[in-house]
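Please prepare a briefing on the structure shown here, grouped by topic and written for a reader who will want the cut-offs stated alongside the terms.

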Amino acid sequence: MLSFGRTRRLVRHLDSQEIDLVLESGRYDGAFGRGLRRAGYRGRIVSFEPFGGPRAAVRRAAARDTAWQVLPYALGDRDGAWTRRLDGVWEDVVAPGERVLLHVDHRPELPEVVAGAGEFEGDLTLVRSGTAFV
């Protein structure tokens with residue numbers, strides 16, 4: 001989890017890049033989204049969590065936030081039982097013209113999640129893994 005000061009800097013960076021939407025994958029308890037909200041981010045958040053218990057924790061974090069959606073699958077480079085490709089759900093979660101930050105908490109998953117963006121990879125304004133932009 002980022003410190004509040006680092007999260008505030010991140011939110012200022014998102015503001016400077018005019019990010020409207022944060023897609024977060026791999027933050028099992030909603031801490032990243034809660035931190036963004038506490039630091040002042042007001043754009044949309046879509047969290048991807050395939051597992052029931054952790055998904056319930058994220059849903060609790062997002063419960064009173066109409067701009068935060070929680071979806072019951074992970075992002076990856078292929079569609080499977082608990083996984084979806086981002087390009088397959090893009091039009092369901094990204095509105096035309098939105099500027100998108102893709103945040104993947106676990107760095108080893110980043111190549112697969114980005115590969116799953118397919119034709120929409122170029123539409124990702126920023127990509128972030130853990131605490132670093134890539």
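How many bridges join E2 to strand E3, and in which sense do the two strands run? There are 4 bridges between E2 and strand E3 (residues 68-71), and the strands run parallel. The model is a predicted one, in which local features need pLDDT of at least 70 and side-chain atom pairs count only at pLDDT 80 or more, whereas totals for chains, interfaces and linings use all residues. Residues are numbered from 1 along each chain as its sequence is written, and side-chain values use heavy atoms, with hydrogens and water left out.

**Strands and their pairing**

- Helices (H or I, at least four residues) and strands (E, at least two) are DSSP runs numbered from the N terminus, and two strands pair if DSSP finds at least two bridges between them.
- E1 and E2 pair in the parallel sense over 5 bridges, and within this pairing glutamate 24 has serine 47 in E2 as its bridge partner.
- E7 is mostly covered, as 5 of its 6 residues are buried.

**Salt bridges**

- The structure holds 4 salt bridges, a salt bridge being a side-chain nitrogen of Lys or Arg within 4 Å of a carboxyl oxygen of Asp or Glu.
- One of them joins the side chains of aspartate 65 and arginine 37 at 2.5 Å, N to O. This pair links distant parts of the chain, since aspartate 65 lies in the loop between helix H3 (52-62) and E3 while arginine 37 lies in helix H2 (residues 31-38), 28 residues apart.
- Aspartate 65 counts as buried because its relative accessibility is 18%, and arginine 37 is buried with a relative accessible area of 13%.
- Arginine 78 and aspartate 77 meet through their side chains in another salt bridge, at 3.6 Å, N to O; arginine 78 counts as exposed at 56% relative accessibility, whereas aspartate 77 is partly exposed at 28%.
- The side chains of aspartate 87 and arginine 85 form a salt bridge at 2.8 Å, N to O, and here aspartate 87 is partly exposed with a relative accessible area of 22%, as is arginine 85 with 22%.

**Charged surface patches**

- Patches are made of residues with over 30% relative accessible area and no salt bridge, with like charges joined within 9 Å and nonpolar side chains (Val, Leu, Ile, Met, Phe, Trp, Tyr) within 5 Å.
- Arg6, Arg8, Arg9 and Arg12 form a positive surface patch; among them, arginine 9 is found in helix H1 (residues 4-16) and counts as partly exposed because its relative accessibility is 47%.
- A negative surface patch is formed by Glu91, Asp92, Glu119 and Asp123. One of these residues, aspartate 123, sits in the loop between helix H5 (110-115) and strand E7 (124-129), and aspartate 123 is partly exposed with a relative accessible area of 41%.

**The loop between H1 and E1**

- Glutamate 18 is placed in the loop between H1 and strand E1 (21-25), and its phi is near 55°, a positive value in a residue other than glycine.
- Glutamate 18 is exposed, with a relative accessible area of 54%.
- Glutamine 17 is also found in the loop between H1 and E1, and is partly exposed at 26% relative accessible area.

**Contacts across the sequence**

- The C-alpha atoms of glutamine 17 and valine 100 are separated by 9.5 Å, although the two residues are 83 residues apart along the chain.
- Leucine 75, placed in strand E4 (residues 74-76), is buried with a relative accessible area of 7%.
- Leucine 75 and serine 25 are 50 residues apart in sequence, and their C-alpha to C-alpha distance is 6.6 Å.

Notes
Areas by Shrake-Rupley, 256 points an atom, 1.4 Å probe, with all protein chains shown as cover. Lys, Arg positive; Asp, Glu negative; His and termini not counted. Charge placed at Lys NZ, Arg CZ, Asp CG, Glu CD. Buried < 20%, exposed > 50% of the residue type's maximum accessible area, 1.4 Å probe, protein only.
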